[in-house]
Amino acid sequence: MEPNLKVTVAQLHPADRDGYLTKQGGSIKTWKKRWFVLKGKKLYYFKNKTDPEATGVIELEADSFVKDEVDKDKKRRFMFSVGTARRVFFMHADAEQDMRQWMQLIQRNINPPANSGNGNVGAPKQDPIGGGDKLVNGGGNKGLPQGNTPRARIANAKQVIPYLQEEQSKVLEFWQIWSESIPQTADLQPGMAIEFHVATSADMQKLTWRTAGPQNIFIQKMVDFFWNVGAPESEIDRLNDVGALINPVKIGSWIDMSAKGGMDGGWYFPVEIPLKLAVEAADAGDPTRKLTEWAETHGVVTGYSVGRDMGAAPPRQTEIRLRLPGSDFATQLRLALDAFFVFGFPNIPDDALAIIRRAGSSDPAGGLCLSVITSSEGFVRCGLLIPKPTPETIRSLCDGASGSFDDIQRFENSLGVSGPVFAEYQYLMKGFGYGVYKEGFDIVFHYSVGEDHGE
């Protein structure tokens, strides 16, 4: 029997105790501040005191318990747990006195005096996934990482980007906040890894930085980063909801930036995902309907990555990446061109198409992928990803996009890589560049920088 959450804080008064505690979520272990109300055998929690209904409720039963806990990260000093037959809930107070008073009253209500009249009703509602408490100041990485690790190489690559050299740059500050949110290698257990990726436009005016790793290591630092840069609570809830739906073993964060001051960030799950679940991350509308219908028509049933931006203002943008089906390059290319047409993007120009076809002649098996970004206001961007482009292909694409092949090579050298894993021919719809990102066709090179491994 599901508990009744249609209750307000006012309706629960007089309560045994109420106040703020920070609670850990269920599936993905993040922390979020909630208003708790203890009344008899029920411990309700709300997002805030004025909510029209409770977010959840913990049913206290005869075999329930409450005990203090030790936080292994030593960030939450006044932590305790409330256990039921179905789940153990972790939470912490802001002061030791508050923690002790909460624990004392909860214990009293678990085992009330014989004449109290309190009874057991229903079962606890599972909180599928939690959120993050307000910013816990980001982790280590003070100064630039040293050595030849992937973490050090992305820091080194930053040094060759002119607009990231200005000390008062907001874009540089944004990069630093993000880089400090990446978990440390020491946090990894043996067999775990943190992966690093970078992408740059051919003219190097826009860059994307990505990192991903084990869900349990990344989630809290990611949420802290999003709080720090002003992401709305509703979008952190969305991350939690999609995370509970997909339950990815690996999650990550990304940031975009441009020479004109563009700064965006978000989350992504770089795992194989049924397309129907990936679409759940997006805002419903005509774009998601068309994408779903196109995928069904062509037998596309999975994606290999889904992500969403966490900007302060809508419309929210969701990216889904998928591998194009087909046994050869020509078949995959036809599907990509069909997607551009069905989704309302302009045809890829003939000169660019000629470069793409020449690239395909070196690998008849293809391996083409598609990146599609949707929003509630329409399709945002569509990109065709060409795997392992040759230096000749890179030079030709640079020439067609006002880029410098020499600058790209210098950037690759700073990353310590021999070439991109993908070259992407993409189109950004008019109105979605917001004056800081290039609209229309562009070329982007994607690099896998490597992994840091636990020892």
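Q: Before anything else, what does "buried" mean here?
A: Buried means under 20% relative accessible area, exposed means over 50%, and partly exposed covers what is in between. Please also keep in mind that this is a predicted model.

Q: Okay, so is Phe441 buried or exposed?
A: Phe441 has a relative accessible area of 19%, and because buried means under 20%, this residue counts as buried.

Q: Which residue does Phe441 form an aromatic pair with, then?
A: The partner is Tyr427, and the pair is edge-to-face, with 4.8 Å centre to centre and 75° between the planes. Tyr427 belongs to strand E18 (residues 422-428) and Phe441 to strand E19 (residues 440-453), so their pairing ties together parts that are 14 residues apart in sequence. Tyr427 counts as buried too, at 16% relative accessibility.

Q: Which residues do ring pairs link into a cluster?
A: Ring pairs link Tyr427 and Phe441 with Trp294, Phe340, Phe343, Phe345, Phe379 and Tyr425 into a cluster.

Q: How many aromatic pairs does the count come to?
A: The count comes to 17 aromatic pairs. Among them is the pair of Trp267 and Phe269, which is tilted, with 4.6 Å from centre to centre and 35° between the planes. Trp267 counts as buried at 0% relative accessibility, and Phe269 likewise counts as buried at 0%.

Q: Let me zoom out: how many helices and strands does the chain have?
A: The chain has eleven helices and 19 strands. It consists of 455 residues, of which 55% count as buried. If you take the contacts between residues at least 6 apart in sequence, 69% of them join residues at least 24 apart.

Q: Helices next. How many residues of H4 are buried?
A: Helix H4 is mostly covered, with twelve of its 14 residues buried. The buried ones include Phe218, Phe225, Phe226 and Trp227, and also Lys221 and Asp224.

Q: And how far does H4 reach from its first C-alpha to its last?
A: H4 (residues 215-228) reaches 20 Å from the first C-alpha to the last, which is close to the 20 Å expected at 1.5 Å a residue. Gly230 follows this helix and has a positive phi, near 90°.

Q: What about H10 and H11, at what angle do their axes cross?
A: The axes of helix H10 (residues 391-400) and helix H11 (residues 405-415) cross at roughly 125° and come within 9 Å. The two helices are therefore oblique to each other.

Q: Which residues meet there?
A: From H10 these are Pro391, Ile394, Arg395 and Cys398, and they meet Phe405, Ile408 and Glu412 in H11. The residues of this contact divide into five nonpolar, no polar and two charged.

Q: Where is Asn247, and what is its phi?
A: Asn247 sits in the loop between helix H5 (233-246) and strand E10 (250-258), and its phi is near 50°, a positive value in a residue other than glycine. Asn247 counts as partly exposed, at 48% relative accessibility.

Q: Switching to peptide bonds, is the one from His13 to Pro14 cis or trans?
A: The bond from His13 to Pro14 is cis, with omega near 5°, and Pro14 is found in the segment before strand E1 (17-24). Most peptide bonds are trans.

Q: Last one: which residues is Leu43 in contact with?
A: Leaving aside neighbours within four places in sequence, Leu43 is in contact with Phe36, Val37, Leu38, Gly56, Val57, Ile58, Trp102 and Ile106. Leu43 lies in strand E3 (residues 42-46) and counts as buried, at 0% relative accessibility. The C-alpha atoms of Leu43 and Arg17, which are 26 residues apart along the chain, are separated by 9.4 Å.

Key
Residues are numbered from 1 along each chain as its sequence is written. This is a predicted model: local features need pLDDT of at least 70, side-chain atom pairs count only at pLDDT 80 or more; totals for chains, interfaces and linings use all residues. Side-chain values use heavy atoms; hydrogens and water are left out. Axes are lines fitted to C-alpha atoms, for helices over the stretch in contact, and angles run from 0 to 180 degrees between N-to-C directions. Helices (H or I, at least four residues) and strands (E, at least two) are DSSP runs, numbered from the N terminus. Angles under 35 degrees count as roughly parallel, over 145 as roughly antiparallel, 65 to 115 as roughly perpendicular and the rest as oblique. Contact means heavy atoms within 4.5 Å. Ala, Val, Leu, Ile, Met, Phe, Trp, Tyr, Cys and Pro count as nonpolar, Asp, Glu, Lys and Arg as charged, and the others, Gly among them, as polar. The expected span of a helix is 1.5 Å times one less than its number of residues. Buried means under 20% relative accessible area, exposed over 50%, partly exposed in between (1.4 Å probe, protein chains only). Rings of Phe, Tyr and Trp (its six-membered ring) pair if their centres lie within 6.5 Å; planes under 30 degrees apart count as stacked, over 60 as edge-to-face and the rest as tilted.
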